[in-house]
Amino acid sequence: MRHVEQVMGMPVSVDVRDPVDVAPLYADLRRVDARFSPFRPDSEVSRYGRGEVAEVSAELAEVIDICRHYERISDGAFTANLPGRSFDPCGVVKGWAVQRAADELRRNGVRRFCLNAGGDVVAAGEPEPGRPWLVGIRHPEQADRMCAVLGVRDLAVATSATYERGEHILDGRTGLPARGLLSVTVVAGDLTTADCVATTAFALGRAGAAWADAQPGCLVFAVDDDLAVHRSAGLDPYLVADAT
């Protein structure tokens, strides 16, 4: 079964090869969006940013901890607290929320699915025996081309780039748009890690590719602004096609 809905400002699709009702998955993502969207003045995140929340929810506390962790290990390149801006954890929330949805599918006995949120993917099991889920890495300057195609099982893949949303990733050390990389794709065991590492690496600029490659359990495919590719050696077994 394949299903797609617009949630959190992006298309979220699920391809499930086991019987399951996916309605609760989308309902939970909408609930997360209502709590965490910095664009909704009544969300908990917006109220927290204005100093109106005396005690944060357990979910927000978890997201704040993740934000602080990546700010600390990136020496401030990643941050949800830019000067002059309200608290914005969007760099964490998408991957965290979609990973929660994938975990819930597994708790319900679903073992074969691919959950895709705006290009960030959690792939579980195999769509067919002996065949992996295929995840394309888009060329950062040519929308009709792929840099590579990955074949993955029980892994998450996240990409940070400017080709969809423009210069939305800022270097927390300067407050300016990050420079040096055109795209960063990270493969990890869960989407929270893959998404956060990809975003942080992009914020770090050219040094971000090596930084991401050094993170535990992470593999990286990055393209810098000279169109040079930086790729983890450990990624080779997952490459189904490589156009670099």
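Helix H1 (residues 23-36) has 14 residues, which at 1.5 Å a residue should span 20 Å, and its end C-alpha atoms are 20 Å apart, in agreement with that value. The expected span of a helix is taken as 1.5 Å times one less than its number of residues. This is a predicted model, in which local features need pLDDT of at least 70 and side-chain atom pairs count only at pLDDT 80 or more, while totals for chains, interfaces and linings use all residues. Residues are numbered from 1 along each chain as its sequence is written, and side-chain values use heavy atoms, with hydrogens and water left out.

**Overall architecture**

- The protein chain contains six helices and 13 strands; these are DSSP runs numbered from the N terminus, with helices (H or I) of at least four residues and strands (E) of at least two.
- The radius of gyration of the protein chain is 18 Å, close to the 18 Å that the globule rule gives for 244 residues, so the chain is as compact as a globular protein of that length. The radius is taken over C-alpha atoms, and the globule rule is 2.2 Å times the number of residues to the power 0.38.
- Along the principal axes, the C-alpha atoms of the protein chain fill a box of roughly 50 × 45 × 30 Å.
- Of the 244 residues in the protein chain, 50% are buried (buried means under 20% relative accessible area, exposed over 50%, partly exposed in between, with a 1.4 Å probe and protein chains only).
- Among contacts (heavy atoms within 4.5 Å) between residues at least 6 apart in sequence, 54% join residues at least 24 apart.

**Helix H1**

- The buried residues of H1 are Leu25, Tyr26, Leu29, Val32, Asp33 and Phe36. They cover an arc of only 115 degrees around the axis, which puts them on the same side of H1; the arc is that of the directions from the helix axis to the C-beta atoms.
- The cover over these buried residues includes strands S1 (2-7), S2 (10-16) and S3 (113-117), together with helices H2 (44-49), H3 (58-73) and H4 (90-107).

**Nonpolar cores**

- The largest nonpolar core has 60 residues, and Phe113 and Leu115 have the most contacts inside it. Such a core is a set of buried Ala, Val, Leu, Ile, Met, Phe, Trp, Tyr and Cys residues joined through side-chain atoms within 4.5 Å.
- Helix H5 (residues 191-204) supplies the largest share of this core, nine residues.
- A second, separate core of 18 residues includes Ala148, Val152, Leu219 and Val223.
- Beyond its neighbours within four places in sequence, Leu115 contacts residues including Val12, Val14, Leu25, Val98 and Val122.

**Strand S10 and its partners**

- In strand S10 (residues 181-188), eight of the eight residues are buried.
- S10 pairs with strand S7 (residues 155-161) in the antiparallel sense over six bridges, and Ala156 stands opposite Ala188 in S10. Pairing requires that DSSP find at least two bridges between two strands.
- Six bridges also join S10 to strand S11 (residues 219-224), again antiparallel; Val184 has Ala222 in S11 as its bridge partner.

**Loop residues**

- Met8, in the loop between S1 and S2, has a positive phi of about 55 degrees although it is not a glycine.
- Asp75, in the loop between H3 and H4, likewise has a positive phi of about 55 degrees without being a glycine. Asp75 is exposed, with a relative accessible area of 67%.
- Asp154 lies in the loop between strand S6 (146-152) and S7 and is partly exposed at 46% relative accessibility.
- Not counting residues up to four places away in sequence, Asp154 touches Arg106, Ala123, Ala124 and Gly125.
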